[in-house]
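Please walk through the structure shown here, moving from its overall layout to the packing of individual side chains.

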Amino acid sequence: MSDKRDVQRQPITVKRDCILGIITFEQHEWKDHVAHVVDLSKKGIGVESIAFLEPGFVWFKDRVGGHKSGILVWSKQLGTKYRAGIKFLTLSRDAEQSVQERLSQSKPHRPLRDPEKIIATLMESIDRNEN
């Protein structure tokens, strides 16, 4: 793993599970996962899982580092486990509520109903954060 980061990462010394859902980029399907947080920075987290985590938009069941969402930007196998990096997304209160309402109407491991609206809300937040 590369340590060429512009933000200091803090390793997690106390085991913390992270329940998250991922809207996969490829199929726009909602997938639930449990991962272990291995490091944390102000911009994102590193996680470890027993299953491959597909890149996509992430929704945390409970806030992580004060954030409810992120983008899974990379995932790779290391030994018998998988490591992944999630970049936090900062959402407005309205955007967060909108996404939460739409996700609560969807069923796990099924294509999302009207995923374009959820993705558009998340993309607007990305654009706002980058400008």
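The paragraphs that follow treat the fold, then the nonpolar cores, and then the contacts made by aromatic rings.

This is a predicted model, and its protein chain contains 2 helices and 7 strands, which run along the sequence in the order β-β-β-β-β-β-β-α-α. Of the 131 residues in the protein chain, 43% count as buried, and the accessible surface comes to about 8100 Å², with 49% of that area belonging to carbon and sulfur atoms. When contacts between residues at least 6 apart in sequence are considered, 54% of them join residues at least 24 apart.

Which residues of the largest nonpolar core touch the most other members? The core has 15 residues, and the ones in question are Leu20, Ile45, Val47, Val58, Phe60, Leu72 and Ile86. Two or more residues are given to this core by each of the elements β2, β3, β4, β5 and β7. Isoleucine 45 illustrates the packing: leaving aside residues up to four places away in sequence, isoleucine 45 touches Val37, Asp39, Leu40, Phe60, Val64, Ala84, Gly85, Ile86 and Phe88.

Turning to the aromatic rings, the model holds 3 aromatic pairs. One of them joins phenylalanine 25 and phenylalanine 57 in an edge-to-face arrangement, with 5.3 Å from centre to centre and 85° between the planes. Because phenylalanine 25 lies in the loop between β2 (17–24) and β3 (30–40) while phenylalanine 57 belongs to strand β5 (residues 56–64), this pair ties together parts that are 32 residues apart in sequence. Phenylalanine 25 is partly exposed, at a relative accessible area of 40%, whereas phenylalanine 57 is buried, at 4%.

Another pair is formed by phenylalanine 52 and tyrosine 82, whose ring centres are 5.9 Å apart and whose planes stand at 75°, so that this pair is edge-to-face. Here too distant parts of the chain are linked, since phenylalanine 52 is in the loop between β4 (44–49) and β5, tyrosine 82 is in strand β7 (residues 81–89), and 30 residues separate them. With a relative accessibility of 41%, phenylalanine 52 is partly exposed; tyrosine 82, at 18%, counts as buried because the cut-off for that class is under 20%.

A further ring takes part in a contact with a charge: the charged end of lysine 76 sits over the ring of tryptophan 74, at 5.9 Å from the centre of that ring.

Key
Residues are numbered from 1 along each chain as its sequence is written. This is a predicted model: local features need pLDDT of at least 70, side-chain atom pairs count only at pLDDT 80 or more; totals for chains, interfaces and linings use all residues. Side-chain values use heavy atoms; hydrogens and water are left out. Helices (H or I, at least four residues) and strands (E, at least two) are DSSP runs, numbered from the N terminus. Buried means under 20% relative accessible area, exposed over 50%, partly exposed in between (1.4 Å probe, protein chains only). Contact means heavy atoms within 4.5 Å. Accessible areas come from the Shrake-Rupley method with a 1.4 Å probe; for residues, only the protein chains shown count as cover. Rings of Phe, Tyr and Trp (its six-membered ring) pair if their centres lie within 6.5 Å; planes under 30 degrees apart count as stacked, over 60 as edge-to-face and the rest as tilted. A charge sits over a ring if NZ of Lys or CZ of Arg is within 6 Å of the ring centre and within 35 degrees of the ring normal. A nonpolar core is a set of buried Ala, Val, Leu, Ile, Met, Phe, Trp, Tyr and Cys residues joined through side-chain atoms within 4.5 Å.
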